Amino acid sequence: MSDTHIEAAELSARFLDIHESQIVFRLLLDALSQPGKIFHLPAELVVRIPVVEIPLLGLLGYDTPFALIGADTSREQLIARATSGRITDSTTAGYLGVCDSRTELLPMGFCLGTPMRPDTAAQVSVQVSGIFTAATKSTATLHISGPGVESVNHVGCDGTTTGELEFLLRRDWTAPRGLDMWIIGVDGSFIGIPRTSRITTGPSWNKGVS
Amino acid sequence: MTLETAPHTSPTTIAQLVGHRTTETFALLDEESKREIRRALLHAVCIPGYQVPFGSREMPVARGWGSGGLQVTLACVGADDAVKVIDQGDDEGVNAVNLRRLVTMSTGIDETTEVDEATLIQSRHRIPEDDMNENHILILQVPVPEPLRGIERDIRELARMHSEADYSRMWVSLYEDKVRNGVITQSTGYPCLVASRYIVATTPIPRWDIPRLHQSKFLTLFGAGREKRVYAIPPYTDVEPLTFEDVPFEVESADGATCRLCGSSESFLVEMPGKQESWSCSDTAWCRRQRNA
Amino acid sequence: MGYAAARGGLNAILTAENLVRRLRDLDPSDRIELDQFTGRLRLLVDRVMGESGLWAPELAAMALRQGEGDIIEAVHLLRAYKSTLGRLDTAIPVHANDMQLVRRVVPAFREPGGPQILGRSTDYTARMLTTTDREIVDNGASTNAIDTALKTRPSNSRMSDALRDMNLLVDRRRTDDPEPFDITRTPAKPPAPRSALLSSMARAETGALVNQWYRNILGPDGYLHEVTLGEVRHGKLPINVRHPMTGGSVNIGSFRATEVEAIEDLNGSEEDRTRFDVGYGFCFGHNERKAIAMANLDIACYRDGAKSGLEQSLLMTTDGLDSAGFLEHLKLPHYVTFRSMIERKVAVRRVAEESK
C-alpha cells in the first residue's frame with residue numbers, strides 16, 4: 001500500500017464525530033472531578049486509536065497548541081490534521097500526549113501555568129503499559145485524596161511497573177500552578193489526577209505491580 | 001443512542017473529510033465552540049474556584065439571561081442526558097422553560113422536573129432541595145462572577161488579589177458590615193472560600209443553599225456568559241462561607257413559617273407580599289412530591 | 001401576579017411569541033422587503049452590521065425586520081446566528097490604502113494630497129424635515145458632479161504619511177507582526193494589546209462610544225480633548241483568501257468600511273511636544289461618528305497609560321449586547337434574592353431593637 005493510502009485510513013480513524021467527542025469529554029471531566037476513580041474510554045475508540053491520543057483528538061480545536069511526546073512525528077501530523085490543532089514543543093503545548101511515562105519531562109517539564117493564569121497549564125494524557133484496577137487499602141498502588149475525593153481513593157495498576165508511575169511522586173509545584181493529567185492503561189481504563197490531588201503510595205509500591 | 005448503537009460517522013472519503021466538521025449540528029453550537037468551552041471547563045475543575053476566561057458565544061438568550069449556563073450545558077450535553085432547568089427553583093418559570101426548550105429542541109434529549117431522573121441540572125439562583133450525587137452535574141447561571149466586585153472595581157487589581165490570594169480587604173468589609181449593622185447583611189450570593197484558596201461568587205443562591213456546596217457529592221459548574229468566565233466546584237471540596245469565629249453563618253429564617261401547599265418548613269420558602277400564611281416552597285418540584293407522598 | 005409562579009410557563013411563552021409574530025407580520029401595512037432596508041435605510045443596516053461584527057447586508061435587513069427595527073435586537077439575532085456558523089478561514093490582511101473611496105475629508109489641511117470627496121453626506125445639508133412626498137429634488141447640482149461623486153477612487157495618500165514626511169509625527173510603527181487579538185475567542189481585559197482595544201471598539205455600540213468620548217471631553221471623567229481629524233474616509237475594501245491548492249490570493253468579495261485617523265496634539269510633560277500622534281478608528285459600513293469617536297478614544301487610551309479606568313471602560317462596557325442584556329435581565333424573577341434581602345432587613349432591625 002502506498003503512504004497516502006495508509007495515511008487516509010489512519011487519519012479517518014482519528015476523527016471523532018460530535019457524539020464521540022462529547023462522550024470522551026464527559027469521561028475526562030468525570031475523571032478529573034473524581035480523582036482516582038477508574039473510568040474506561042469507549043471500546044470503539046480504543047480499538048482504532050492509540051489510547052494516549054484519544055483525549056487530544058476529543059479536545060483539540062483550531063490552533064490549540066499540542067505535542068505528542070515519544071512517538072513518530074507522523075502521528076503528530078495526523079492529530080493536527082484531524083483536529084486543526086497546532087504542533088508545538090513540550091514547553092508551550094496546552095495539551096500533550098506522553099507515550100512513555102518514564103520521560104524526564106514528566107511532570108515538571110511542561111507548562112505549569114502562572115499564579116495570574118493557572119489555566120494556561122498543560123493538561124497531559126499519559127500512557128502506561130498496564131491496566132487500572134479498583135483496589136482496597138491493602139492492595140492499592142496509589143492512595144489519592146484532595147478535592148473530588150471523599151476520603152481516599154485506592155487505585156491499583158496491574159501490569160505496570162512502579163517506575164512507570166514514579167512521576168506522580170515528583171509533583172512539586174505551588175498551587176495554583178501545576179499539571180493536570182489523565183493516566184491511561186492500554187485497555188482504555190484510566191484515572192484523572194488534577195494538580196490539586198495528594199498522592200501517596202501503597203504497600204505494593206516497592207515490590208512493583210504485577 | 002450510545003456509541004454501540006450509533007453508526008460510526010467518521011469520514012471515510014475525501015469529500016467527507018472536507019465536509020466533516022461543518023455538517024451535523026447538535027446542541028446549537030458548532031463543534032469548535034463546544035470544544036473551546038470544554039477545555040475551559042476541564043481547567044476549571046482542576047483549579048476549584050478560579051474564574052477561567054473563555055470565548056463566550058452569543059446565544060439565542062440575551063447576555064445576563066443565562067447565556068453562560070446555557071453554553072456550559074450545551075458543551076456538556078450528550079444524547080443520553082436528561083435535563084432539568086429551573087429558575088428560582090421553579091421548572092415552570094418562563095426563562096427556565098425557554099432555556100430548557102432550547103436545549104431539548106437542539107438535541108432531542110429528554111427533559112424532566114425530577115432530580116433523580118436528571119443528569120444535567122441547569123439552575124438560576126437555587127440548588128434543588130433533593131440530594132444529588134456523582135450522576136448529576138449542577139450548572140449554575142452566573143450574573144456576576146466576581147465576588148470582590150463590591151470592594152474593588154479595577155480589573156487589574158482584582159486579578160492581582162485573586163492571584164496572590166490577597167483577600168484582606170474582603171474580610172475588612174465583612175467586619176465593617178457586622179459592626180455597622182449588627183449582622184453580616186449579605187443576602188444571597190454569599191462569598192465563600194473554595195478549597196482554601198479562591199473566594200467565589202456563589203451566584204444569587206440563598207444562604208440556605210450554601211451548605212449544600214460544601215463537600216457535595218455532585219460537581220457544580222458555573223457559567224458567566226456576559227463576563228466570559230467559567231468556574232467549578234468539584235465534589236468533596238471545602239466550601240466555607242466567609243465569616244468570623246464568633247459570628248456563625250446564618251441561613252435565612254422564616255420564623256417558623258411552613259409551606260401552605262405541602263406544610264414543610266424544611267425547604268427554602270418564599271412569600272406573597274403582605275399576606276399572612278402565604279409562604280410556599282421555592283422548589284416547586286420538591287413541593288409537589290411532598291404533597292403526593 | 002407572579003409570572004414565574006404561573007403554571008404553564010410554556011403556554012405563556014408561546015402566547016407571547018405568537019403575539020409578537022402576529023402583530024408584526026400581519027400589520028395591515030405592506031410587508032417590508034429586504035431591499036427596502038438595504039436600499040432606503042442603508043445607514044441603519046450599516047450600523048447593525050458594525051455592531052454585530054458581521055458583514056451581511058441581507059441578513060442584517062432580515063434581523064431588523066424580525067426585530068421590528070430595534071437595533072440591539074437585530075444585533076443579537078445576527079451575533080447568535082454567527083455562533084452557529086463554523087469558521088472557515090482567515091482572510092489575507094488588506095492594507096487600508098487599498099480602499100476604493102467614495103468619500104474623503106481632511107479637516108487638518110485645506111489642500112491635502114489626494115482627493116477630497118464630500119461625497120454622499122448630510123453634513124452640510126439643511127436639517128429641514130421634508131413633509132411632502134417629493135423624492136428627487138433638482139437643486140441645480142450638475143449631473144457631471146453627481147456622476148463623478150458616485151465613482152469610487154483609489155486612495156493614494158494619507159495625512160499620517162504626510163505628517164511623517166514633515167517630521168511631525170511620533171513614530172510608533174512596529175517592526176514585528178503580532179497576531180491580532182481575537183475578541184470573539186478570548187475575552188479582552190486590561191492590560192490588553194491595542195488590537196484588542198481596536199476590535200472591541202470596532203464592534204461597540206455606536207452610542208456607547210460617542211458617550212464615552214463626550215463624557216471624557218466634558219463630563220466628570222474629563223481626560224481628553226478634541227483631536228484634529230486627519231482622515232475621514234468611506235469606501236470599499238476587498239476580501240481576499242488564500243487558495244487551498246495554489247496558495248495564491250483569491251478575491252471572494254468586498255465590504256464597505258469607515259476609516260478615521262485622528263491627529264493628537266501632544267502636550268504632556270513626558271511626551272514629545274514637538275510632534276503629533278495618531279489615533280485610529282475603523283468600523284463596518286458607513287458610520288462616521290462611531291469611527292471618529294473610536295479614533296479619539298484610541299489615542300486617548302494610549303496616552304492615558306493605564307492611569308485611569310479608560311481602558312477598562314472601553315474594553316468592558318461598550319458592547320451593546322452585554323450592556324443591554326444585563327440591564328434588561330433585571331426584568332427576570334428575583335424573588336429568591338428579594339426574600340433573602342427582606343430577611344436581612346428584619347435581622348438588622350431585630351439586632352438594633354435588642355440592643356436598646
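The legends below describe close-up views of a predicted model. Local features are given for pLDDT of at least 70 and side-chain atom pairs for pLDDT 80 or more, while totals for chains, interfaces and linings use all residues. Residues are numbered from 1 along each chain as its sequence is written, and chains are lettered from A and ligands numbered from 1 in the order in which they are written.

**View 1. Chain C as a whole.** Chain C has 13 helices and 5 strands. Helices (H or I, at least four residues) and strands (E, at least two) are DSSP runs, numbered from the N terminus. Along the principal axes, the C-alpha atoms of chain C fill a box of roughly 80 × 60 × 55 Å. Of the 356 residues in chain C, 33% are buried. A residue is buried if 20 or more other C-beta atoms lie within 10 Å of its own, exposed if 12 or fewer, and partly exposed in between, with C-beta atoms placed from the backbone. Two residues are in contact if their C-beta atoms, placed from the backbone, lie within 7 Å. Among contacts in chain C between residues at least 6 apart in sequence, 64% join residues at least 24 apart.

**View 2. The two domains of chain C.** Domain 1 covers residues 9-83 of chain C and domain 2 covers residues 96-318; such bounds come from an automatic or database domain assignment. The C-alpha centres of domain 1 of chain C and domain 2 of chain C are 27 Å apart. Their contact takes 8 residues from domain 1 of chain C and 10 residues from domain 2 of chain C. On the side of domain 1 of chain C that touches domain 2 of chain C, there are 3 nonpolar, 2 polar and 3 charged residues. Here Ala, Val, Leu, Ile, Met, Phe, Trp, Tyr, Cys and Pro count as nonpolar, Asp, Glu, Lys and Arg as charged, and the others, Gly among them, as polar.

**View 3. Where chain C meets chain B.** Of the 2 pairs of chains in contact, chains B and C share the most contacts. The contact takes 46 residues from chain C and 52 residues from chain B. On the side of chain C that touches chain B, two or more residues come from each of α1 (9-25), α5 (71-83), α12 (320-328) and α13 (335-354) of chain C. The most come from α13(C), with 12 residues. This side of chain C divides into 22 nonpolar, 14 polar and 10 charged residues.

**View 4. Where chain A meets chain B.** Here 37 residues of chain A are in contact with 38 residues of chain B. The elements that give two or more residues to this side of chain A are α1 (3-13) and α2 (18-33) of chain A. The most come from α2(A), with 12 residues. By class, the side of chain A that touches chain B has 19 nonpolar, 10 polar and 8 charged residues. Chain A and chain C do not touch, and their nearest C-alpha atoms are 9 Å apart.

**View 5. Strand β5 of chain B and its partners.** Strand β5 (residues 137-141) of chain B is mostly covered, with 5 of its 5 residues buried. Ile137(B), Ile139(B) and Gln141(B) point one way from β5(B), and Leu138(B) and Leu140(B) point the other way. Strand β4 (residues 120-124) of chain B pairs with β5(B) in the parallel sense over 4 bridges; two strands pair if DSSP finds at least two bridges between them. Strand β8 (residues 219-224) of chain B also runs parallel to β5(B), joined by 5 bridges. Leu140(B) is the bridge partner of Ser123(B) and stands opposite Phe222(B) in β8(B).
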